[in-house]
Amino acid sequence: MRDCVLALDVGGTFIKGAAVWGNGEVAKETLLYRNTNAQGARDAVLDQLHAAVKELAVRAKAVAGEDGIRVQGIGLAFPGPFDYESGISYLQGLGKFDALYGVNVRDELADRADHDPELVRMGFRSGRIFMENDAYLFARGEAVYGAAASYKRAVCMTLGTGFGTGFILDGAVIREGDGVPANGWLYNAPWEDGIVDDCISRRGMLHCARSLGFDVDTLDVKELAALAESGERSACALFEHFGHTLGAVLVRYTRAFNPEAYVLGGQIANASPLFVPALACELERGAINAVITKSPDTLLSTFRGIKDYVFGQYRSSGEKGGSMMNGFRDALTALTCRESNRLLNTAVSTIQADNAAFYIHYWGSSLSHNTNMRHHHSFFEACFVVDGSGVYREDEAEYPLRAGTLFLSRPHRWHQIVSEPDMALLWVGFELDETQSSPEMTALFRRLASTETFLAESAWNTPAALCWQALWLQAEQSPSLLRLIAPDLAKSLLLSLPALFAADLPDEGGAAEHDGGRHLFRQASLYIRDNLSRPLRLEEVAEYLHISGRQLTRIFRSHSGMSFGDYVTSERLKKAHYLLKNTDLTTHAIAEQVGFGSVHYFTKVFAAKRGLPPAAYRKQLRSPL
């Protein structure tokens, strides 16, 4: 089964999409172009986006053939203004997507995907829709796969309808730091009587062209470039002026960053031979010694950036888990592996829970796992790759293994683990004792035995991986307590596996919702309130509660009447109201405490919901009646 990300670049004119495989390869057979219904009603626009996602999935499935696909996430490059963290559009008055103003686009698309059986069968799960700025995603693609990958410090630019920028340091796109403007954005930086975007953009170029006597009602940038290439003097002067202006902007706003390279992308970059000489002249005059290069394909870099971003966000809540696991990896030695194996196999051979009983056939761990023979068995075997790499072969298919991969060998399936010399692996063989288990649990594990979703990449922060870590470290660090603690940890590990590999299992509710989910809603609400100062995603809260994202979405709609994203925003605004009324904290400090990330977003969201910007709202609250 091939992991893929469905990537969409959503513009005011076109929606462009492609499936991107886990190795960063864009499946060009899936490339999709559609005219955007940018002036359409709310549901018409959302339905078009969902239809594009589904069409990409169908195309990717056709390309994969018998291998099949698993949709690891959906990523959208979306124009701003947009609250990318919460998924809410604030586009208005720009001639595109006005009907989406204030709409949580991510939640709406997730709801459509959740109710699309075909996407669910392909492995899509709630919480795996991610949205970001197109320039940021282009820069991320260039940093990992493109022209910027060879440089420690680089600035990537998209030159088109607007001016987008991404600052790269050591292979990562950064949004703050020495020499980096707020959010890594230059489009809104002051320039002459306006902002940079007024000059370095399509409209800026056309405005300049009009002043030179060109009829911009019939000529666009592409036609003006053709005139310049033919030697038309005014057209040549137009692009030369553009290069000098761009160079002056970069000297003023990027010299402190000390870039080694500038990477050009976007439609206007196709005319780079016409303006790069002037650009280079300005950079030299400003004492900037940097390479100027053009991206071979802006769109492919954006798609690759989307894939990299989705995989990064999918495990972002796992970055903390990953750092925890670093210590776990460091603790692995041949001696601790042998001793922990002995202790676990002695202490945990059976597990009895209220509704389930398990036989544990063996526990294992190895600092350097040896390739085994092709074989099968009548029980489950769960494996977790702690370090290194290898390949898992099942029937005639092969699946790459890397650190953080958790996979499940199902009963009666022929399989083999081909290990590189450095692959550290944990494993456990087990089966459910159906005679001592409830009918519901028996049915669940029978369905798990037939699931086609049996491998999870970047699983560091999943409940299963964390239980495994705790169990193994308990054996290594406190063996005397192991018999008391291990059964509960092992039970939690095994019972968490159906949720991890349940992408294609029917969601039949269960005990967690027997009270309508009230207690889960209360727990989720408390978790949100306790963590308002940082980004919050549906999948993270669902993992905290050990339920699916789909289930959590239903619980929020049932008990709050709101989507998860809208509820989080509401809680942020409630706390902001309290702080504005009862403290003298600055607007910047409040924005940080309530998790909006930047004063700009805080002010925009607050004004949209409360009718006044924060400072004016505070003044109104404190003014005498």
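In the predicted model, helix α15 meets helix α18 through Phe-521, Ser-525, Ile-528 and Arg-529 on the α15 side and Phe-564, Tyr-567, Val-568 and Glu-571 on the α18 side. The residues of this contact comprise five nonpolar, one polar and two charged. Helix α15 spans residues 518-530 and helix α18 spans residues 564-582; their axes come within 10 Å and cross at roughly 50 degrees. An angle of this value makes α15 oblique to α18, and the crossing of the two helices is right-handed.

Helix α18 takes part in a further crossing, with helix α21 (residues 614-622), in which the axes come within 9 Å at an angle of roughly 55 degrees. The pair α18 and α21 is therefore oblique, and α18 passes α21 in a right-handed crossing. On α18 the contact is made by His-577, Leu-579, Leu-580, Lys-581 and Asn-582, which meet Pro-614, Tyr-617, Arg-618, Leu-621 and Arg-622 of α21. By class, the residues of the contact of α18 with α21 divide into five nonpolar, two polar and three charged.

Another helix pair is formed by α1 (residues 42-64) and α2 (residues 105-114), whose axes come within 10 Å and cross at roughly 60 degrees. Helices α1 and α2 are therefore oblique to each other, and their crossing is right-handed. Helix α1 contributes Arg-42, Asp-43, Leu-46, Asp-47, Leu-49 and His-50 to the contact, while α2 contributes Val-105, Glu-108, Leu-109, Arg-112 and Ala-113. The residues of this contact divide into five nonpolar, one polar and five charged.

Aromatic contacts were examined next. A pair of aromatic rings is described by the distance of the centres and the angle of the planes. Over the whole structure, 27 aromatic pairs are found. In the pair of Phe-78 and Phe-82, the ring centres are 5.0 Å apart and the planes stand at 45 degrees, so the pair is tilted. Phe-78 and Phe-82 are both buried, and they form one aromatic cluster together with Tyr-84 and Phe-97.

The pair of Phe-384 and Trp-460 has its ring centres 5.5 Å apart and its planes at 80 degrees; because angles over 60 degrees count as edge-to-face, the pair is assigned to that class. Phe-384 belongs to strand β17 (residues 380-387), whereas Trp-460 lies in the loop between β23 (455-456) and α13 (463-477), so that the pair links distant parts of the chain, 76 residues apart. Phe-384 is buried, with a relative accessible area of 0%, and Trp-460 also counts as buried, at 10% relative accessibility.

Glu-132 is located in strand β7 (residues 129-132) and is buried, with a relative accessible area of 4%.

Ala-290 occupies the loop between α8 (272-285) and β14 (291-294). With a relative accessible area of 18%, Ala-290 is buried, because the class extends to values under 20%. The C-alpha atoms of Ala-290 and Ala-261 are separated by 4.9 Å, although the two residues are 29 residues apart along the chain. When neighbours within four places in sequence are left aside, the contacts of Ala-290 are Pro-259, Glu-260, Ala-261 and Tyr-262.

Asn-258 lies in the loop between α7 (233-254) and β13 (261-265). Its phi is near 60 degrees, a positive value in a residue other than glycine. Asn-258 counts as exposed, at 53% relative accessibility. A positive phi is also found at Asp-170, likewise not a glycine, where the angle is about 55 degrees. Asp-170 is placed in the loop between β9 (163-169) and β10 (172-174), and its relative accessibility of 52% classes it as exposed.

Definitions and conventions
Residues are numbered from 1 along each chain as its sequence is written. This is a predicted model: local features need pLDDT of at least 70, side-chain atom pairs count only at pLDDT 80 or more; totals for chains, interfaces and linings use all residues. Side-chain values use heavy atoms; hydrogens and water are left out. Axes are lines fitted to C-alpha atoms, for helices over the stretch in contact, and angles run from 0 to 180 degrees between N-to-C directions. Helices (H or I, at least four residues) and strands (E, at least two) are DSSP runs, numbered from the N terminus. Angles under 35 degrees count as roughly parallel, over 145 as roughly antiparallel, 65 to 115 as roughly perpendicular and the rest as oblique. A crossing is left-handed if the near helix is turned anticlockwise from the far one by less than a right angle, and right-handed if clockwise. Contact means heavy atoms within 4.5 Å. Ala, Val, Leu, Ile, Met, Phe, Trp, Tyr, Cys and Pro count as nonpolar, Asp, Glu, Lys and Arg as charged, and the others, Gly among them, as polar. Rings of Phe, Tyr and Trp (its six-membered ring) pair if their centres lie within 6.5 Å; planes under 30 degrees apart count as stacked, over 60 as edge-to-face and the rest as tilted. Buried means under 20% relative accessible area, exposed over 50%, partly exposed in between (1.4 Å probe, protein chains only).
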